[in-house]
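Hi,

Here is the model I promised to pass on.

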Amino acid sequence: MNAERRIWGQLRDDPAGLAGLVVVGLFLLVAMAVWLGLIGQDWSAADGARWETPGPDHWFGTNILGQDIFERAIYSVRTAFEIGLVVAVSSTLLGALLGALAGWYSHSWVDGAILWLKGVLDSIPFYLFVAAVAFALQGKGWAMHVAMIATFWTTTGRLVRAEVMKLKTREFVLAARTIGLPDALILGRHVLPNTIHILLVQASIAFVAAIKTEVILSFLGLGVQDGVSWGLMLAESTQEVLAGHFSNFLAASLMLFALLMGFNLLADALQDAFDPKQASQ
Amino acid sequence: MLYALRKAVYGLLLILGVTFISFVLMVWFGPDQTYTLVGKNASAEQIAEVRHQLGYDQPFMQRYLDYVTDLFTLRLGSSNASGEQVSRILARTVPVSLALMLPGFVLGNLLGIALGLAAARRRGQWADRLISALSVTGMSISFLVIVIALQVLLSTPYGLNLFPVRGWQVTDLPSYLSYVAVPTLSLVLVTLGYNTRFYRAIFVEEAARDHIRTARAFGASPTVVMWKHVLKNSLVPIITRVMFSIPLVVISGSLLIESYFGIPGVGKVAFDAITSGDQPVLKAVVGLTAAAFVLIQIATDLLYRLVDPRVA
Amino acid sequence: MSRLWTHTRIAWPPVALLALVMAVAGCKPERSSEGPEPAYRVYRHAMDGAPSSLDPTHASNLYANFLAVNLFDTLYRYKYLARPYRLEANLADGLPQVSADGLIYTIRTKPGVHFIDDPAFPEGKGRAVRAEDFVFSIKRHFDPATRAQGAWLWQGRIVGLDEWKENGADYDEEVPGLRAVDDRTIQIQLISPFPQLTHTLAQGFAAVVPREAVQSYGQEFAVHPVGSGPYRLLSFNSAGAVLERNPRFRQEPFSLEAEGFDPDSQGGLGLEELADRVPPFADRIEVEFIAEDAARWNAFIAGEVDFIKVPVSQFDRVLASRDPPTLSPDLAERFRLNANLESGFVHTDFNMDDRQIGYHPDPDQQIRNRALRCAIIKAFDWPRRNEVFYYGIGEVFPGIIPPMTLEFDADQDRAPVLRDLEGARDLMSSHGWHAGNLPVLEYGFPSSVTERQMFEQFRSFMADIGYPQEKIRPLTYATYGDYARAYLNREVMLTTTGWTMDYPDAENTMQLFFGPNAAPGTNTANYNNEEFNRLYRASATMQASPMRTAMYRNMNRMVVDDCVTISGISRTLILLWRRELAMLPDRSFVGGFFLRFADPESAGGEAE
């Protein structure tokens, strides 16, 4: 039985994981619909009254400007996926690359340099680092992406490094080396594909972390600059909840929770599926 | 001896790296404080004057060298914004952050360990499932959402209205408890999911080890096995996790909690320093945090060697 | 047995949390009823921002000024109750004697005024305040080492002061135009008449500091103030400041008449009962800096502070009517309200230095640019802006003379602030503007929730005249300082700023559009109209007169006609305080000067 079928089978028997997959899938569909311009396009129009209560015209009510909170919450799905995907894919790839290099050339200067970089990044308090990057790239919409990618890769890097050091001693790798295949080819063809289970799990964890970080950064004024996101909606809600307007808060936090929960369940299921030994214990 | 030397060199390199990155990001590309310091209708000449005083007109290498020398000689200087000595700012704010973070940190970890043990003990049963489900739920809620919700529920007329809504007017034990309650609860809720899952994984792995199985096979009671063997053997990862959190608890504080609740701790001071470009304050906070991290890495390493001589 | 063990493991964490909550719940401090002894009167003031420095030379914002005038003495202050605002002698013993040509000001200080005791003085005893101290305090603004922010008030105005700076700012060197004639006499000699001089002496910037303390504390003077004001500092950090009555503050009984009391509008506040008592009335002042609106409001409602500037988000709940603003009945039982029109205004300037929207070497393009600016102004929906962000109680007015000034013209044409979408579209099409060739507008703002909402609202207003959404871009800055750097370097096309007046004279807003004040000066629009500049120069040396008012109004029309700024609105501030407190707080020129008159004990307010 090949690995994919086995993993799929595992996932099918895991109701929580399946639920997670469905939730993430639904959100992805919404994000694509927003991308295609089918829904959520009126997030900016201020055509309602201030703080309308939910009703047939505005399902989730309106915010202070009279903008439709439902439209904004829906459009934010796209924002979340943009941030989540960019950060998850880039940081995982970067982690895979640096981790593989460090593991392959372990205990050489390459390894040393990469470990040093990881040590340095881990030693700067996360939010201070992110805030500083956001400043250095003042006003650029992608400042927070860069900040997150620059810090999120370290965990993936550590795990991949350990895995590559293990794989290095395996027969098929040794064989490839004996017949003189170049290092890059061995790494790319034989070693990295065998770390895919780490990468998938790490990517889904990074996705969750990216969305959660966006919320905090947007609250601090360092996040999304143009557009709307759940973080911006929550930041807005901090000025509203104590005056008794809960629409922004509820819409953003519930959708945020649903997506994060979906991803967390999926990540768990993936982890179990990839690591049957641990799951069966 | 050689080992100690190697560690020292590594630590030094690490600190140099941190100072370099923080210098480039926070100082060289960081905010220009000139415009918050000049008055209305400032002339180009006055602006140049202030820039000169702040040292902004110096070349890159000169500024970096000054930065590093100040840090290594612990010449922390005075805040550009208020003129207060940085050492005094730290002496004023670090204890506040510590008092703010410690209860939540301790509670979050103790509860995490307790729940982790309970889950590992009943692995696969409903209790384990329940705890796992709850910890995933906890991990899926944003910090900001928790903070907002707890504030509304516990400190406003929309909820129970039990605690002060914000601030830090701490004069005695009751006032301390009342101000620290909501932040502590937030901190516990936000970390509990992660802690529980982390500790559960450790305990599960430990419980699966051969010597534990042996102990069980020889009829040791599950309670004894859990306490005596599993917990004891899991001490190293537990201590490591706790130790690595120390710099964050002690030096960096919690930016979000401090700024949301308006608490004058070091996290807020550091963030304000970044956004306003208050270089002396920044230097001290980032430098000291990095130094603490390095010391802890070394200490952890030593700990591993003590516990398990094979690690080297 | 082991099963039970498992159960308790699972059950106790929530129980423990609950126990913690319950144990601590009883501890919410009931601070309103406590206090060391009944005679000790504490007044607790909430402020929506925090000063970073208490050095008077850094008192550039409301918050720093508020504390500076209480910790230190100024020669003049504003009368507590007189409206419009009028000057009153403070440390000075009367208004200045001015020479006939308006160039020489002679000021006598009151006798027997002492600085507070401080280790900086010999034997720790505060010495008498001398005229020399005032001279020193003003010189400090011209000493680069101080990084002072108030020099612009006196720059180019006092004989020899600018030269003193150029010669190396040596405090022992005398400035001919700024002298202490004797211990109690100050003489100021001006280069040309400066009718607003006395007003500048009522600002925190002009507060009197002792040289010994500045020298002994150096930079730390900013957190270790030593002055002769009504209060002295007990503690200060980013969360708040605690002040204590200065026992040596001069004894001057409170006079309703001298402070400009108006029984019709100010009766019933309990102020009458304060007559002849000696301020400062409070023994201790606790100022809490609470930037977040909601948190500040909750602290107030919970009784943790006695005074608040009500956040707009609470106006709904606080006000029973808008015009005039009255307090809703349930709150009226506990609080009193004062609606205070701000001494300033909010406006959005076009950067005239930007060729895409402002001045252009090609005269035709210059005309087209003006048409575009005018169209944008016509499309701006002031009533809606007012409704959403100021609860509809702000005062919208055309131009740059705010309603609270004496020079304001209530009868002027309001067309420039009325929305005219059709007119805007016509103006655009007749000048060849269409969605395809409109320039990308870069709208700058410091990243905060409200500023972002204002930007989004602006964008939605512009959508109504067909300005494409993607052509109006936000330029965000993480702090106000960074935003200021950008617009002072003329990098921002649309700059929204609020101006708070330094003194009640429209000259202070006229200078915002004076050509030579262009960025990095306060003229952020970089407006440069020769006729305007000429009138400004001519009016700047004039005392208030109908003629000067006519000149101001003329200049105002130029700014409106040239479509330089989307302006403006003066916010109405709603101030609320506990009924029991006999006081009339103010956020304008009286500002911090009111603190000495705040009486936390007198029960004069319990009318019902």
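How many residues of chain C are in contact with chain B, and how many of chain B with chain C? The contact takes 48 residues of chain C and 53 residues of chain B, where contact means that the C-beta atoms of two residues, placed from the backbone, lie within 7 Å.

Before the rest, some housekeeping. This is a predicted model, so local features need pLDDT of at least 70 and side-chain atom pairs count only at pLDDT 80 or more, while totals for chains, interfaces and linings use all residues. Residues are numbered from 1 along each chain as its sequence is written, and chains are lettered from A and ligands numbered from 1 in the order in which they are written.

Back to chain C against chain B. On the chain C side, the elements giving two or more residues are α1 (2-25), α8 (293-301) and α15 (480-488). Of these, α1(C) gives the most, with nine residues. (Helices are DSSP runs of H or I with at least four residues, strands are runs of E with at least two, and both are numbered from the N terminus.) By class, that side of chain C has 23 nonpolar, 16 polar and nine charged residues. Here Ala, Val, Leu, Ile, Met, Phe, Trp, Tyr, Cys and Pro count as nonpolar, Asp, Glu, Lys and Arg as charged, and the others, Gly among them, as polar.

Chain C also has a domain assignment, with bounds from an automatic or database source: domain 1 is 3-23 + 39-285 + 581-603, and domain 2 is 344-570. Their C-alpha centres lie 34 Å apart. Where the two touch, domain 1 of chain C puts in 11 residues and domain 2 of chain C puts in 10. The domain 1 side divides into six nonpolar, five polar and no charged residues.

Phe455(C) is buried, with 21 other C-beta atoms within 10 Å; the cut-offs are 20 or more for buried, 12 or fewer for exposed, and partly exposed in between, with C-beta atoms placed from the backbone. Leaving out residues up to four places away in sequence, Phe455(C) touches Tyr443(C), Phe445(C) and Pro474(C).

Now chain A, which has 12 helices and zero strands. Its C-alpha atoms fill a box of roughly 75 × 45 × 35 Å along the principal axes, and 56% of its 281 residues count as buried.

Two helix pairs there are worth a look. The axes of α3(A) (residues 69-104) and α4(A) (residues 109-123) come within 7 Å and cross at roughly 140°. (Axes are lines fitted to C-alpha atoms, for helices over the stretch in contact, with angles from 0 to 180 degrees between N-to-C directions.) The two are therefore oblique: under 35 degrees is roughly parallel, over 145 roughly antiparallel, 65 to 115 roughly perpendicular, and the rest oblique. Leu98(A), Leu101(A) and Ala102(A) in α3(A) meet Val110(A), Asp111(A), Ile114(A) and Leu115(A) in α4(A). That makes six nonpolar, no polar and one charged.

In the other pair, the axes of α5(A) (residues 126-136) and α6(A) (residues 143-168) come within 8 Å and also cross at roughly 140°, which makes α5(A) oblique to α6(A). Phe126(A) and Phe129(A) are among the α5(A) residues in the contact, and Met144(A) and Thr151(A) are among those from α6(A). The residues of this contact divide into 11 nonpolar, one polar and no charged.

Cheers
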